[in-house]
Amino acid sequence: MKKRYHDYQTRQQMHAKDYEIFYYSDSTIEKVSLHHHDFYECFYFISGNVSYYIEGKTYALKPGDIVPVNTTELHQLIVKDHTVPYERIVLWIDKNFLNSLSTDKTDLAECFYNKKDYVIRLSLDLQQNIRSIFHKIISIENYEGIGSDILYKAYFVELFVQISMALQHNSIRPDADVKKSNMITDIIEYINNHIEEELTIDALSEHVFLSKYHLLREFKKHSGTTIHKYIIQKKLILAKELILKGIPITEVFKQCGFGDYSNFFRAFKKEYGVTPKYFYSNFRQDL
């Protein structure tokens, strides 16, 4: 049977309420810019020669790898060559939807937070099981028959129980295929732990005992972005998380360590294309 791929989407916002799933195969895409989502993303790699950058680490992916990405993790994918088509399944999941399927005993979102590494490398059996579930979700994309209102929920429970089991029992680690700098890891950890403060290059260079010039050069080399932009993106991610919880904007910019509201306003609008007030009015949770 001929494979049915989706047309590649450049947008990074969900249009559907609960989830969206995309089955892609490309021979021209070079890279996706460093970004994050306001929803969970579960990335299943099928084929290609790619590197996946996430939070200071760069992974050479292998077929069957899964990357569960939470809402605060900056990530980017780079295609090294197109000798083999870049094929993958990308699943976007609304946080509230996945939480609604969880129970006191089983947290289906566990794989997005309680993980030993950013990439889950599966055994062959688990690869087949999980890929089969992904394709079941794709197969009911336009299904309107009996159980159409609940069948996809059953598949989601099955999928994330399987992934949680892989986290607990699978000992295959992608250590040999990850590039990282202990210095960059240290810097990113420091930024994440002090994101509510007014971070400066001076403070960071002092923390890692490097000159500012060396720090700026090394960070750009390993992350593909400037340290200033990285800090701003992380602060804006926190700002969106707070806004989605209903925190007033007058408190949000202070809690995110912006010097003043005008700096926060300009950075937010430049990054997301809307004002903080618009985002608050249109996307925050109903409390």
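1. The lining of the largest pocket divides by class into 15 nonpolar, 18 polar and 16 charged residues. Here Ala, Val, Leu, Ile, Met, Phe, Trp, Tyr, Cys and Pro count as nonpolar, Asp, Glu, Lys and Arg as charged, and the others, Gly among them, as polar. The lining has 49 residues, and those nearest the centre of the pocket are Gln 12, His 37, Asp 38, Phe 39 and Lys 240. The space in this pocket comes to about 1,400 Å³. A pocket, on a 1 Å grid over the protein atoms alone, is an open set of points with protein on both sides within 12 Å along at least five of seven lines, while a cavity is a set of points where a 1.4 Å probe fits but cannot get out; lining residues have an atom within 4 Å of a point. Volumes are the space filled by probe spheres set on the points, with grid points joined across faces, edges and corners.

2. A word on the model before you go further. This is a predicted model, in which local features need pLDDT of at least 70 and side-chain atom pairs count only at pLDDT 80 or more, whereas totals for chains, interfaces and linings use all residues. Residues are numbered from 1 along each chain as its sequence is written, and side-chain values use heavy atoms, with hydrogens and water left out.

3. Now the domains. The assignment, which is automatic or from a database, gives domain 1 (19-176) and domain 2 (181-284). Their centres, taken over C-alpha atoms, are separated by 26 Å. Domain 1 puts 13 residues into the contact and domain 2 puts in 15, where contact means heavy atoms within 4.5 Å. The lining of the largest pocket draws at least three residues from each of the two domains.

4. The second largest pocket holds about 470 Å³ of space. Its lining has 18 residues, and the closest to the centre are His 228, Ile 231, Ile 232, Phe 258 and Ala 267. Helices α7 (227-244) and α9 (261-272) each give at least two residues to this lining, and α7 gives the most, with 7 residues. Helices (H or I, at least four residues) and strands (E, at least two) are DSSP runs, numbered from the N terminus. By class, this lining has 7 nonpolar, 6 polar and 5 charged residues.

5. The whole structure has 1 cavity of 30 Å³ or more, and about 220 Å³ of space lies in the largest cavity. Among its 19 lining residues, Tyr 8, Gln 12, Val 32, Glu 41 and Val 90 lie nearest the centre. Two or more lining residues come from each of β1, β2 (31-35), β3, β7 (75-81) and β8, with β8 giving the most, 4 residues.

6. On to the packing. The largest nonpolar core has 35 residues, and Leu 91, Ile 93, Phe 134, Phe 156, Leu 159, Phe 160 and Ile 163 touch the most other members. Such a core is a set of buried Ala, Val, Leu, Ile, Met, Phe, Trp, Tyr and Cys residues joined through side-chain atoms within 4.5 Å. The largest share of this core, 8 residues, comes from α3. Leaving out residues up to four places away in sequence, Leu 159 touches Leu 91, Ile 130, Ile 133, Phe 134 and Ile 137. A second, separate core of 34 residues includes Leu 74, Ile 187, Tyr 190 and Ile 191.

7. Two backbone angles deserve a look. Most residues other than glycine have a negative phi. Glu 55, in the loop between β4 (49-54) and β5, has a positive phi near 50°. Phe 209, in the loop between α5 and α6 (212-223), has a positive phi near 60°. Glu 55 is buried at 7% relative accessibility, whereas Phe 209 is exposed at 76% (buried means under 20% relative accessible area, exposed over 50%, partly exposed in between, with a 1.4 Å probe and protein chains only).

8. Beyond its neighbours within four places in sequence, Lys 57 is in contact with Tyr 52, Asp 117, Tyr 118, Val 178, Lys 179 and Lys 180. Glu 198, in the loop between α4 (182-193) and α5 (201-208), is exposed at 60% relative accessibility.
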